[in-house]
Amino acid sequence: MANEDKVLEALLKEDRTFPPPAYFIEKALVKDTSLYEEAKKDREAFWAKQAENIDWFQKWDKVLDTSNAPFFKWFVNGKLNVSYNCIDRHLNTWRRTKAAIIWEGEPGDDRVLTYQDLYREVTRCANVLKELGVRRGDRVTIYLPMIPELPIAMLACARIGAPHSVVFGGFSAESLRDRINDCQAKLVITADGGWRRGGIVPLKKNCDDALAECPSVEKVLMVKRTGQDVNFVQGRDYWWHEMMARAPIGCEPEHMDAEDMLYILYTSGTTGKPKGVVHTTGGYLVGVSTTHRMIFDIKDDDIYWCTADIGWVTGHSYIVYGPLANGCTTVMYEGSPDWPERDRFWAIVEKYRVNILYTAPTAIRAFMKWGTEWPGRRDLSSLRLLGTVGEPINPEAWMWYYKYIGNERCPIVDTWWQTETGMILISPLPGVTTLKPGSATIPFPGVEAAVVDNTGKDVPLGSGGYLVLKSPWPAMLRTIYGDPDRYVAQYWSRFENMYFTGDGARWDEDGYFWIMGRVDDVINVSGHRLGTMEIESALVDHPAVAEAAVIGKAHEVKGQAVSAFVTLKEGFQGTPQLIEELKAHVVKKIGALARPEDIFFTAELPKTRSGKIMRRLLRDIAEGRVLGDTTTLADPSVVAQIKQQYESQES
Ligand code: WTA
């Protein structure tokens, strides 16, 4: 392939490999590659077999209907209920008294709900929803902190067939308003407030502000969490605890069609308008329960903790629906990892003897920055498996996680997926796959992923290109709410008969996938297309660096020049010598091509609320443009500060 045709050049080499440890294989649910072979032979039969693990009121007639592609249908005419699968079916077993949810509040309060308790709360809540006028098919917006009422409300919606739209508690009144209006929600479930670093997030206040411009909303159901005085609109607002106390226990689950909508989840698009990703019932539940069980090697005595917020898809699929469908004990934590101290996660692992921990690279890099003393204070010996999701994990962060959290004992499952995919698609199976730090390894059985060039042709192993999915999978999004054209344009138009992920990737000689980030983040230096991920990893490989964001800055000669924003670990100073050292380090790890033109030290990087670095804003700063949309940032003040510092340094 001629140089200019290359989609992405891969330069960073990573040779370390970690086969599954013998002790792990011995007890693993999946020990060999037979599932891959079985799925390869007949993908639909494989998924149909997995669907047998779900309780259906009526069995499907056809596994996959492709007649109206890309509007695929899975488990056609199957009837089921997600809340029944997550709760009722466990009640006839010993799991009735098993902990379903172990919850810890930020102030240190805690609560354990058994499956029996969950049944009581969810059926009561379902009856409350009905009393407030919610009917099958009505949309309910949920704007709650990470408290047990959040999964209870979701499951109650699922029980009566009302699709939910969970809006992350960190979003502003305007974001909430746009999301309510897009789906025309009838009811909003919120709380007086939520705890964050000891302070109160004023959820009800935000909700009141939003509702001034939300004509579809008839009623508001409010949980009392923080207890401060709040505005209360008679006839519109209802207290959760009062309604629940009156509501009867027991509520027949609606018989939903496999293709009925389970939920909408908004994700930020490249344009300002949020996209309402639509997930349906049957395929979604099959997909999330199967991947959860196999990838996290779930056994009945495991305590499993996914640290995501339920406002993101990771929380939907891998705190709530996957784990509960599997009858697993799932841990939920309300607050921040550094409250009251920087060992809060490790204190929770120690307190509940957590066995499986699933978190994000952004959190791991923060822990690296804070230092090893924090995990060192706590007993982490209960851990047996670790996971990551959300971004490519830099090999150094992977090694840190492996060593200081997993004590070199625990496999790490690096799971690649998207809000749109609903379920994990590329990931190791921990008892089977040899790990390579920084690679999400290979597609899950029954998933057909590939790396293609501009024309949609597979690139040879060892090269980079666009990450695509060549066949449908059960938990895939079905459409964008109210905008089917956008669904087709966004995902199914770039390549014929393939789903385009928007990510760049390469596959290596062993067929392992290395995700190189969003293709919008690619840098073009003198005609070479470089993924930001590799240069960032080379920087994070240096002992002084905690985190790095790399962008392409307009350059007269090279087209684009590499510009790096770097945060340092505690105890390091951003001296001119260090700048030279870091440039040399990148040259050593990758080559002169990737040498940063300039390096800028900053205390923080601008991130979305789910922890992804917003490189677009850094490009705006570096090229002296007015800042683009900052409303999806976790902390908009960070970017203003960087801009100021950057400009004063430049002048
Ligand atoms: C990125 C989160 C590399 C990727 C579940 C994807 C990853 C986007 C990984 C989706 C991973 C997620 N390795 N990159 N293991 N996991 N990504 O919708 O760019 O919040 O397209 O879903 O995150 O983000 P989303």
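Let's start with Thr314, which touches Cys306, Ala308, Ile319, Tyr358, Val389 and Trp417, leaving out residues up to four places away in sequence. Keep in mind as you look around that this is a predicted model. Thr314 is found in helix H11, which covers residues 313-325. Is Thr314 buried or exposed? With a relative accessible area of 11%, Thr314 is buried, because buried means under 20%.

**The binding-site residues**

Thr314 is also on a list taken from a record. UniProt, in an unreviewed entry, places the feature "binding site" at Arg196, Arg197, Gly198, Gly199, Thr314 and Ser526. These residues are spread over 331 residues of sequence, and they are spread in space too, with up to 49.6 Å between C-alpha atoms.

Gly198 sits in the loop between strand E9 (194-196) and strand E10 (199-201). Here the relative accessible area is 39%, so Gly198 counts as partly exposed. Which residues is Gly198 in contact with, if you leave aside its neighbours within four places in sequence? They are Glu106 and Trp339.

**Two cis peptide bonds**

The bond from Trp339 to Pro340 is cis, with omega near -5 degrees. Pro340 lies in the loop between E17 and H12. Elsewhere, a cis peptide bond joins Ala69 and Pro70, and its omega is about 5 degrees. Pro70 is in a loop as well, between strand E1 (62-65) and strand E2 (73-76).

**The seven-stranded sheet**

Next, have a look at an open sheet of 7 strands. Reading across, the order is E5-E4-E17-E16-E18-E19-E20, and the pairing is mixed. Which strands stand at the edges? They are strand E5 (110-114) and strand E20 (412-414); each has a single partner strand, so one side of each is left without a neighbour in the sheet. From one strand to the next, the twist averages 20 degrees.

Strand E18 (residues 356-359) and strand E19 (residues 385-388) pair in the parallel sense, over 4 bridges. In this pair, Thr359 stands opposite Thr388 in E19.

There is a helix to spot here too. Helix H12 (residues 344-352) lies across strand E4 (99-104), E5, strand E16 (303-306), strand E17 (329-333) and E18. Relative to E4, helix H12 runs at about 140 degrees.

**Positive phi without glycine**

Two residues have a positive phi although neither is a glycine. One of them, Arg353, lies in the loop between H12 and E18. The other, Thr441, is in the loop between E20 and strand E21 (449-452). Here are their values.

| Residue | Phi | Relative accessibility | Class |
|---|---|---|---|
| Arg353 | about 55 degrees | 37% | partly exposed |
| Thr441 | near 70 degrees | 1% | buried |

Over residues 534-612 the chain is 27% helix and 32% strand, and the end C-alpha atoms are 16 Å apart.

H18 has 14 residues and reaches 20 Å from its first C-alpha to its last, close to the 20 Å expected at 1.5 Å a residue. Which residues of H18 are buried? They are Leu578, Ile579, Leu582, Lys583, His585 and Val586. Why do these residues lie on the same side of H18? They cover an arc of only 155 degrees around the axis, which puts them on the same side of the helix. On the other side of H18, Pro576, Gln577 and Lys588 are exposed.

So what covers the buried residues of H18? The cover includes helix H17 (532-540), strand E28 (545-555), strand E29 (559-568) and strand E30 (598-601). Finally, H18 is followed by Gly591, whose phi is positive, near 135 degrees.

Note on methods. Residues numbered from 1 in each chain as written. Predicted model: local features only at pLDDT ≥ 70, side-chain atom pairs only at ≥ 80, totals over all residues. Heavy atoms only, no water. Helix = DSSP H or I, 4+ residues; strand = E, 2+ residues; numbered from the N terminus. Expected span 1.5 Å × (residues − 1). Buried < 20%, exposed > 50% of the residue type's maximum accessible area, 1.4 Å probe, protein only. Arc of directions from axis to C-beta. Contact = heavy atoms within 4.5 Å. Pairing = 2+ DSSP bridges. Axes fitted to C-alpha atoms, helices over the stretch in contact; angles between N-to-C directions. UniProt positions renumbered as here; feature names shortened; annotations may be inferred.
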